[in-house]
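Please read them alongside the coordinates.

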Amino acid sequence: MKALARHPTLLLGGLVTLLLLATAFLSRVWTPAPPTQIQITRRLAPPLEAGLLGADHFGRDIASLLMAGAWNSLSIAFVAVLLGMAGGVLLGTLAAAWRGWAEEIVMRLADVTFAFPAVLSAIMIAALIGPGVTTAVIAIGVFNVPVFARVARSAALQIWERDFVLAARSAGKGALLITFHHVLPNIAGLLIVQATIQLAMAILAEAGLSFLGVGVPPPHPSWGRMLSDSQTYLSQAPHLAILPGLAIALAVLGFNMLGDGLRDVIDPKLRRKR
Amino acid sequence: MILLLLRRFASLIVTLLLASLAIFVVLEVLPGDPAAIMLGTEAREDTLAALRQQMGLDRPAYERYLDWLGGMLTGDLGLSMTYRVSVSELVADRLAVTIPLAVMAILISTALAVPLGLIAAANHEKVADRGVMLFAQIGVAIPNFWFGLLLILFFSSYLGWFSAGGFPGWAANPALALKALLLPAIALALPQAAILARVTRSSVLEILGEDFVRTARAKGLTRRVTLHRHVLRNALIPVVTVMGMQFSFLVAGAILVENVFTLPGLGRLLFQAMSQRDLVVIKDVVLLFAALVILVNFLVDLAYAWLDPRLRQRT
């Protein structure tokens, strides 16, 4: 507890993230009303007039939509970041292990992939296979590959310079074994920090894709699409635009703060610079 | 420097070629029959055959790829299936909105971020510093398309100072056109400003700890003069690098923000092309966006090498 009190960012970020995860999981078993239930009599009702946070243009309960949206947003973000992490860490650590042309190829590919933000890839994929969760996961996941490849490579290169790796090499261990036994365990902390920050970016990206209509398909609730739908009723029912945006911002803030806090704990030298 | 320039240029060409190849493979090779994708499953066979011929799908893929690249270099981007006009014409019109929007966003974010970062570093761990860091944390977390909606809500719906969207065109009234781009540019600039303020702060803090800064102060220079003459100049190098890296997010942001403000820019064109499954437009515009990101990163890389003599000597 004392350690947590020394890192208020970690504590606050952790709490927000925990609250978000709890909300997402709770939405699987309970929401104040069924999120997709249409009740036209409650149409555009402001907060407290119909449920805690009001109702949308179909009279659906906004609190329930936000809760269910948390699950959709987080699950897409988690899967996409995990995929990006798996691909990126594999490429980055192998580039550091093999160096030479393998490293050059991986870094060039990273440069190329980095030129395709998730929205750009999602539009290409959506034109082919249509919008949907798969499109969002592939687009966000692909953009995460070069991010993890770069981080993993530069961290792994530092580990390769250490004495214990030299000892392992002298003992005849191959590049792959050293990567799995020595490099990966030593860069795991850094990768977890990066993953937390990437989760924040992935939540933002998912919201953007759903806003454009290439993410979670209707009638499944999604924060981004709630924002997109709110545009028509902006002056009539501003809460439709304000609440989902707040949910996205809070979720991103939580993961970012958690990532920053974890980084402070793992590498206190960075604290002053950040 | 010349050797470095040549190496970076070669790397630029390879990256551009790989990006174009990736787009071509995804949009023209992987789908099998792009004509069927564009016209849908219920299209008649003769219509499909006509489109296949128009798109040259009867020729080998490598030939089409080379033709496409050649067309890109000569400015012949093909014909849009939806708009029935040349893509070059469409793109030129839309660039007249997207480029000024991006430039305005970069200017606003820099004008906001550099002074904020400087103030935060000069008042390290004081109230001003904490305030800037809080702004940075929140600014990064706010989606630009949501911020755009909030700006419309406040400045258009509530105050009535701006229109809620649309673009009057440069020819009709340049001042009005500029005004129409202001809110979208602010929406795009906020997250960029938050990131840049953070980078400026950490970069200035790092330079403040350097020996030459202590020497400048020991020689009797005031804090303000030291900050402006010695610290800021050096501290801006990483800021420029991060600006280049952020360009990719600016491009993604432009696609979203243009849709919020219904601006007829390149991002909206791409979105409309996706809805219409106009693969010709998508292919060209995605490559343009990707090339823009790669080119900006290349220029930043060069600027970095030019600004930092150590890097030039190493290469």
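1. H9(A) gives the largest share of the lining of the second largest cavity, four residues. Helices are DSSP runs (H or I, at least four residues), numbered from the N terminus. A cavity is a set of points on a 1 Å grid over the protein atoms alone where a 1.4 Å probe fits but cannot get out; lining residues have an atom within 4 Å of a point.

2. This is a predicted model: local features need pLDDT of at least 70, side-chain atom pairs count only at pLDDT 80 or more, and totals for chains, interfaces and linings use all residues. Residues are numbered from 1 along each chain as written, chains are lettered from A and ligands numbered from 1 in written order, and side-chain values use heavy atoms, without hydrogens and water.

3. The second largest cavity has a volume of about 120 Å³, the space filled by probe spheres set on grid points joined across faces, edges and corners. Its lining has 16 residues; nearest the centre are Asp56(A), Arg60(A), Leu65(A), Met226(A) and Asp229(A). Helices H3 (62–98), H9 (223–230) and H10 (239–266) of chain A each give two or more residues to this lining.

4. By class, that lining has seven nonpolar, five polar and four charged residues. Ala, Val, Leu, Ile, Met, Phe, Trp, Tyr, Cys and Pro count as nonpolar, Asp, Glu, Lys and Arg as charged, and the others, Gly among them, as polar.

5. The largest cavity has a volume of about 430 Å³. Of its 25 lining residues, Met201(A), Leu204(A), Ala205(A), Phe249(B) and Ala252(B) are the closest to its centre. H8(A) gives the largest share of this lining, six residues. The lining divides into 18 nonpolar, seven polar and no charged residues.

Note on methods: On a 1 Å grid over the protein atoms alone, a cavity is a set of points where a 1.4 Å probe fits but cannot get out, and a pocket is an open set with protein on both sides within 12 Å along at least five of seven lines; lining residues have an atom within 4 Å of a point.
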